[in-house]
Amino acid sequence: METFFVDVPKANGTSKPDKVEIFIGLFTPGKENAIKRNDLTQKCVEAGLINPDAVDKDRVMRKLLERAKLDYNIKITNDGDGEGYYIPTPKESMQLARNNKREDKKAVSIFRNNKGNKALSEDYKAGRLNE
C-alpha cells in the first residue's frame with residue numbers, strides 16, 4: 001500500500017471583519033428604529049466602513065446597502081416617507097407591500113422609458129437608419 005502526502009497551506013494571518021456584516025449590524029429591526037440616510041452615512045464613517053476623506057460618502061453607503069441586499073439577502077427597505085432605512089418586521093407588512101408596489105412601478109417605468117432607445121439601437125445595428 002502506497003502512502004501519499006499532500007502539502008496543505010496554513011493561513012497564518014488574521015481575517016478582516018467583513019464591512020457588509022458590520023453595516024448590517026447598524027440596523028435594528030422595526031420602522032421605529034429607522035435610520036435616516038445622512039445618519040446612516042455618518043454611522044458608517046464612525047464605524048470605519050467609509051473613509052472620512054471619501055468624495056461621495058453617500059454613494060459608498062448606498063453600495064454597502066446594495067451588497068447587503070443582494071449578497072447577504074438582508075431585507076432593508078425605505079418607505080420613501082423620509083423616516084429612513086429599516087428592516088421590516090411582520091407588523092410593517094402593509095408598508096412593505098406598498099413599498100414593493102412602488103418599486104415595481106418604478107422598475108416598469110424605467111423599462112418603458114428605455115423602449116424607444118432600444119428600438120433605435122436595433123435600427124442602427126440592422127442598418128435601417130443612416131445618418
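Contact is taken here to mean heavy atoms within 4.5 Å. The structure described is a predicted model.

On that definition, K31 touches D79, D81, E83, Y86, E92 and Q95, with residues up to four places away in sequence left out of the count. K31 is found in the loop between α1 (19-24) and α2. The relative accessible area of K31 is 17%, and the limit for a buried residue is under 20%, so K31 is classed as buried.

Two further residues of the loop between α1 and α2 were examined, namely F27 and G30. F27 has 7% relative accessibility and therefore counts as buried. Not counting residues up to four places away in sequence, the residues touched by F27 are I35, L40, I76, Y85, Y86 and I87. One of these, Y85, lies 58 residues from F27 along the chain, with a separation of 8.4 Å between the C-alpha atoms. G30 is likewise buried, at a relative accessible area of 0%. Under the same exclusion of residues up to four places away, G30 touches Y86, I87, T89 and E92. The C-alpha atoms of G30 and Y85 are separated by 9.7 Å, and the two residues are 55 residues apart along the chain.

Helix α2 (residues 37-46) packs against helix α3 (residues 57-70) at an angle of about 85°, and the axes of the two helices are 10 Å apart. Because angles of 65 to 115 degrees count as roughly perpendicular, α2 is described as roughly perpendicular to α3. On the α2 side the contact involves R37, L40, T41, C44 and V45, which meet K57, D58, M61, R62 and L64 in α3. Sorted by class, the contact of α2 with α3 comprises five nonpolar, one polar and four charged residues.

When neighbours within four places in sequence are left aside, R67 is in contact with D18, V20 and Y72. R67 and K19 are 48 residues apart in sequence, and the C-alpha to C-alpha distance between R67 and K19 is 10.0 Å.

The loop between α3 and β1 includes N73. N73 is not a glycine, yet has a positive phi of about 55°. Most residues other than glycine have a negative phi. With a relative accessible area of 53%, N73 is exposed.

Rolling a probe the size of a water molecule over the atoms shows where empty space is left. The largest pocket has a volume of about 530 Å³. The lining of this pocket numbers 23 residues, of which K69, I76, T77, N99 and E103 are the closest to its centre. At least two lining residues are supplied by each of α3, β1 (77-78) and α4 (93-126). The largest share of the lining, nine residues, comes from α4. By class, the lining of the largest pocket consists of nine nonpolar, five polar and nine charged residues.

N99, listed among the residues closest to the centre of the largest pocket, is placed in helix α4. At 7% relative accessibility, N99 counts as buried. Not counting residues up to four places away in sequence, N99 touches T77, N78 and D79.

Note on methods
Residues numbered from 1 in each chain as written. Predicted model: local features only at pLDDT ≥ 70, side-chain atom pairs only at ≥ 80, totals over all residues. Heavy atoms only, no water. Axes fitted to C-alpha atoms, helices over the stretch in contact; angles between N-to-C directions. Helix = DSSP H or I, 4+ residues; strand = E, 2+ residues; numbered from the N terminus. Parallel < 35°, antiparallel > 145°, perpendicular 65-115°, else oblique. Nonpolar A, V, L, I, M, F, W, Y, C, P; charged D, E, K, R; others polar. 1 Å grid on protein atoms, 1.4 Å probe; cavity = no way out; pocket = protein on both sides within 12 Å on 5 of 7 lines; lining within 4 Å. Points joined across faces, edges and corners; volume = space filled by probe spheres on them. Buried < 20%, exposed > 50% of the residue type's maximum accessible area, 1.4 Å probe, protein only.
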